Amino acid sequence: MPWVVREAVRDINRAVARRWHAIDPLLPDPSTLPAGCGEPLVVTGENGRLAGLGVCVHQHIPPQSLNQTWGAADRFTLVPRLAGPDVIAPADLLLAQWRDHLAGIGATRGPDTSASVVWPSLDITGVRALLRHGLQPLTVIAARTRPTSGPPGGPARGAHGVTIRAAGPADEEQVLDLELRLIRYDLHFGGPVWRANTARLVRDEIRASLARPQSWTWLAERAGRMVGLLVAQPPQEAGWIAGMTSLADAAYLQTMFVDQAERGTGIGAALVRQLHTRLDAAGVAVTLLHHSQVNPLSAPFWYRMGYRPLWTSWEARPAAALR
């Protein structure tokens, strides 16, 4: 890359960092642009100066990976870098270039494909451009920061008549049942895709997780029946998502599910407080999770529990639906 181009890219990243930090202090500095499936997309302003750039990353998720359950098998993701106080015009131009780029790739024409952009949730200036190009807000990464006042790690309140306990290897079948019920429920909201290998791969992940010396899986039990589940990843396992925030250390709340007949009884809140108690006592700075943007229960619950939106994944599925 020529020196002048490298300097221009650095300038864009510095400007994006200033913009992101002004919008949301939990956003990280922009990372180095990844290698893409083609040449970088470049947007210039009316003065001819670089106004933004982007890279298209293509991921093929194989059937033997559980990750294929969480979306399309072929995923095309635009990683944008846009400077300026109002990015709607350069965003529109960048998305148009990306659409034309994808039109030339045969793999985008299949049904099991997606085109997505992960956008800062509090950055409202590009939303009209995202909508104009056929992208829909599908998934949110939400964040909860450790309280700075009050004693950390206080006692977790329970739910009446319910026991919250750590899960172990003997609970594999109960955990599997609740995990698969959650996936089937989330199918209503357009995120997961049920695959032939889903149940087997979920079981393999559960078995490995429950075999660890310290459990990060909790079950809610009422009268001998398992009615709720929470699974988390401590900071040493959550490095894959830690770069999405400026704070360290970061934990990840992977799974939370409550039996439909038990919702509204306080079980979900009791499970989440169990996790927060451990993380706050350990001094973990931030906890991240994914939730569906269109699930009518998710956002109200998680925001009551102290989470708020950090990133939103905008998606067109199949990828050819991008316009």
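Begin by selecting helix α4 (residues 172–186) and helix α5 (residues 198–210) in this predicted model. Their axes come within 10 Å and cross at roughly 135 degrees. This angle makes α4 oblique to α5, because angles over 145 degrees would be needed for a roughly antiparallel pair. The crossing of α4 past α5 is right-handed.

Next, display the side chains at this contact. On α4, select E172, E173, V175, L176, E179, L180 and I183. Their counterparts on α5 are T198, A199, V202, R203, I206, R207 and L210. Colouring the contact of α4 with α5 by residue class gives 8 nonpolar, 1 polar and 5 charged residues.

How many cavities of 30 Å³ or more does a search of the whole structure find? The search returns 1, and the largest cavity holds about 40 Å³ of space.

To see what surrounds the largest cavity, select its lining: L78, P80, L82, A91, L94, L95, V117, W119, G126, A129 and L130. Then colour the model by secondary structure element. Two or more lining residues come from each of strand β3 (74–82), helix α2 (88–103), strand β4 (113–120) and helix α3 (127–132).

Finally, colour this lining by residue class. Which classes are present around the largest cavity, nonpolar, polar or charged? The lining comprises 10 nonpolar residues and 1 polar residue, with no charged residue. The contact of α4 with α5, by comparison, includes 5 charged residues.

Methods. Residues numbered from 1 in each chain as written. Predicted model: local features only at pLDDT ≥ 70, side-chain atom pairs only at ≥ 80, totals over all residues. Heavy atoms only, no water. 1 Å grid on protein atoms, 1.4 Å probe; cavity = no way out; pocket = protein on both sides within 12 Å on 5 of 7 lines; lining within 4 Å. Points joined across faces, edges and corners; volume = space filled by probe spheres on them. Helix = DSSP H or I, 4+ residues; strand = E, 2+ residues; numbered from the N terminus. Nonpolar A, V, L, I, M, F, W, Y, C, P; charged D, E, K, R; others polar. Axes fitted to C-alpha atoms, helices over the stretch in contact; angles between N-to-C directions. Parallel < 35°, antiparallel > 145°, perpendicular 65-115°, else oblique. Left-handed = near helix turned anticlockwise from the far one by under 90°. Contact = heavy atoms within 4.5 Å.
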